[in-house]
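I opened this entry to look up the overall build of the chain and then its aromatic pairs. My notes follow in the order in which I looked things up.

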Amino acid sequence: MSAAHLPDDVVRARLIPPARVLAAPMAGGPSTPELVAAVVGAGGGGFLAGGMRTAAQVREQVDALRGLLGGGDGSVDGSDAARRWGVNLFVPDAVNTAIPAAARTERARAERRAAVAAYRERLAAEGERAAGGAAAEGAGGAPTLPSPDDVTPDPARERAEFAAMLAAAEEQAWPLVSFTFGLPEPAVFARLAAAGIPAGITVTDADEARSARAHGAAFLVVQGHRAGGHRGTLDPAADPVERELPSVLAQVRAVVGTRVPVVAAGGVGAAAHVRSLLAAGADAVAAGTAFLLTAEAGTSAAHRAGIRRCATGEGFVGPDGAARTVLTRAYTGRWARTLATEFPAAHPDAPAAYPELNALTTGLRADAATAGDLERVHLWAGTQAHAAREAGAADVVAGLTP
Ligand SMILES: Cc1cc2nc3c(=O)[nH]c(=O)nc-3n(C[C@H](O)[C@H](O)[C@H](O)COP(=O)(O)O)c2cc1C
């Protein structure tokens, strides 16, 4: 285990709020400084989403959040509320130590590129068919898809962007950092610890928890399969485990012990879920989907419309009124849970290639959102999406507090 660990009580003071409820990071718009500030103000904690943003954009969000929380102790309950937040960072493949060497060979790269090109061809053929039908009705042509070259990430650029985020964390003294999508090398955790910043990471099983601790993770976010949005497996090629979260928490505790701060996430729609996860070994619980319809969230209009349909029972629900969601790689190349739209069903064989597929389908999804065609939009949602409420974030925290 790394000697760079910060004392667990320092980590706990920032990470584990009195309400035991955190606003989970949600990239792509939903996480805003307003959302995190409202949740912190209600006795919770939360993370800004650094994913899909530049370091400069994240710096602005951090400044905005600090402005909303106030510079002082910001105490709402005797603890230091002004420091009960952090920033979540995506770990790009270039700095992800969990990717096996076999996936980094020239041959593996060529195969991946061919799979992306083949997927692009399928999407293009589909777009032409759809545009053919639309043309008969007098509408425009098929959307242009970026080329496989355009969507292939540049490792040097990924490394530079990741370094810019770490520099922002240090210079702005973020209270907490959480990583997802991969495991950075131990030096990254050590560097942040030396700057007084506890850095944790999302894991999805006990093996990942063990590796994360061995690299120096100060806390763990254990994400279950019911979670909305992307699965945070450390190896992007790994298939998701469908074990229920309380059982995963028990296995993680058996590996890391009782002192390491652990946050549980996935499928939280009521205080009863929070209670059961705390009983199963979590110190706090992070909710994402439950906040998507709040006034403070920056959820896009199409995403809001989809979640609202589910929550009102108008669509994306089964006969029992429960959300219908699916895990798919079709939108981005990484497993993610969305409301059960038609697009994943049409592409069950999408290759494991994030961020290429994300870039490939961005235009398609944006066009579909503009056209109000929710079936082709990524409507990230957990299995409790039917319980999402149109309310202030503080009300949602109160409803989830055990
Ligand atoms: C719209 C959306 C975006 C997300 N973006 C991120 C992200 O940027 N980073 C991350 O670690 N997790 C992300 N997640 C996963 C959440 O942090 C969290 O694990 C999940 O929302 C918990 O499950 P729940 O939605 O059922 O509450 C996202 C989830 C959603 C719904």
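I began with burial in this predicted model, and I noted that buried residues make up 52% of the 402 residues in the protein chain.

I then looked up the secondary structure and found 14 helices and 11 strands in the protein chain. The radius of gyration is 21 Å, close to the 21 Å that the globule rule gives for 402 residues, so I recorded the chain as being as compact as a globular protein of that length. Along the principal axes, the C-alpha atoms fill a box of roughly 65 × 50 × 40 Å.

For contacts with a separation of 6 or more, I noted that 67% come from residues 24 or more positions apart. The accessible surface comes to about 15900 Å², and carbon and sulfur atoms hold 53% of this area. I also looked up the charges: there are 37 positive and 42 negative side chains, with the centres of the two sets 4 Å apart.

Next I turned to the aromatic rings, where the count comes to seven pairs. Phe162 lies in helix α6 (residues 155-172) and Phe179 in strand β4 (residues 177-180), so the pair ties together parts that are 17 residues apart in sequence. Phe162 is buried, with a relative accessible area of 6%, and Phe179 is buried as well, at 0%.

My last entry is an aromatic cluster formed by Phe90, Phe181 and Tyr354.

Note on methods: Residues numbered from 1 in each chain as written. Predicted model: local features only at pLDDT ≥ 70, side-chain atom pairs only at ≥ 80, totals over all residues. Heavy atoms only, no water. Helix = DSSP H or I, 4+ residues; strand = E, 2+ residues; numbered from the N terminus. Rg over C-alpha atoms; globule rule 2.2 N^0.38 Å. Buried < 20%, exposed > 50% of the residue type's maximum accessible area, 1.4 Å probe, protein only. Contact = heavy atoms within 4.5 Å. Areas by Shrake-Rupley, 256 points an atom, 1.4 Å probe, with all protein chains shown as cover. Lys, Arg positive; Asp, Glu negative; His and termini not counted. Charge placed at Lys NZ, Arg CZ, Asp CG, Glu CD. Phe/Tyr/Trp six-rings, centres within 6.5 Å; stacked < 30°, edge-to-face > 60°.
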